[in-house]
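Please examine the sequence and the structure shown below.

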Amino acid sequence: MPNRINVLQVEQYKKAFQDVDFIISVGYPKMNVQGIDELRSKLEAAGSKMLFVRNRLANIAMKELGHGEVKGICKEQTAFVWGEDPVSVARFLVDFKKEHAELQLHGALVEKALLDSKAVVGLSKSPTKEELKSIISGQIIAMGGKLSAQMLAGGGLVASQIEKIAKKDEEAA
């Protein structure tokens with residue numbers, strides 16, 4: 001029979017992770033309170049969230065939500081971090097780890113796929129959603145400019161031929 005407190009904890013996790021597309025799992029066993037407070041406040045300022053989890057209960061909640069097992073990324077003391085964009089959060093955590101080596105990257109769950117810590121570092125080097133939008137819109141604008149130039153070039157050629165014919169007609173008259 002499950003403990004009532006554990007049942008409530010699983011429900012809390014399910015509520016917290018219900019609409020989450022990704023989580024990044026971090027460990028903090030060697031971090032002091034000031035380091036954890038700094039991490040939390042910087043995450044909050046960046047629009048991300050962090051929740052300290054009990055590994056077994058977090059695994060149950062994620063399975064019940066249909067995300068699959070997360071045992072592989074729950075080690076020792078674990079906190080789940082999430083936000084708007086997995087790349088932005090991964091970048092933030094990798095940068096924070098440079099200043100606080102005691103922070104551990106356990107891995108991530110992105111679109112029901114488990115990633116190890118090396119993949120999280122690789123994810124941090126990818127373009128963010130905003131950067132991708134900018135790249136795509138730049139490519140679309142460039143293609144439109146090329147198409148416009150090609151269309152105008154053909155029109156200019158026709159106009160120059162008409163102009164030559166008009167000059168010949170004027171000279172003949």
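At a relative accessibility of 16%, Y28 counts as buried, because buried means under 20% relative accessible area, exposed over 50% and partly exposed in between, for a 1.4 Å probe and protein chains only. F52, with a relative accessible area of 25%, is partly exposed. The model is predicted: local features need pLDDT of at least 70, side-chain atom pairs count only at pLDDT 80 or more, and totals for chains, interfaces and linings use all residues. Residues are numbered from 1 along each chain as its sequence is written, and side-chain values use heavy atoms, with hydrogens and water left out.

**Aromatic pairs**

A pair of aromatic rings is described by the distance of the centres and the angle of the planes. Rings of Phe, Tyr and Trp (its six-membered ring) pair if their centres lie within 6.5 Å; planes under 30 degrees apart count as stacked, over 60 as edge-to-face and the rest as tilted. The structure holds five aromatic pairs. Two of them are listed here.

| Pair | Distance of centres | Angle of planes | Type |
|---|---|---|---|
| F17 and W82 | 5.0 Å | 75° | edge-to-face |
| Y28 and F52 | 4.9 Å | 75° | edge-to-face |

F17 lies in helix α1 (residues 4-17) and W82 in strand β3 (residues 78-82), so their pair ties together parts that are 65 residues apart in sequence. Helices (H or I, at least four residues) and strands (E, at least two) are DSSP runs, numbered from the N terminus. F17 is buried at 1% relative accessibility, and W82 is buried at 11%. Y13, F17, F80 and W82 form one aromatic cluster.

**Helix α3**

In helix α3 (residues 55-64), the buried residues are L57, A58, N59, A61 and M62. These buried residues pack against α1, β1, β2, β3 and β4 (104-110), where contact means heavy atoms within 4.5 Å. Just after α3, G66 takes a positive phi of about 90°.

**The largest pocket**

A pocket is an open set of points on a 1 Å grid over the protein atoms alone, where a 1.4 Å probe fits, with protein on both sides within 12 Å along at least five of seven lines; lining residues have an atom within 4 Å of a point. The largest pocket has a volume of about 230 Å³, the volume being the space filled by probe spheres set on the points. Of its 13 lining residues, D21, F22, G83, E84 and P86 are the closest to the centre.
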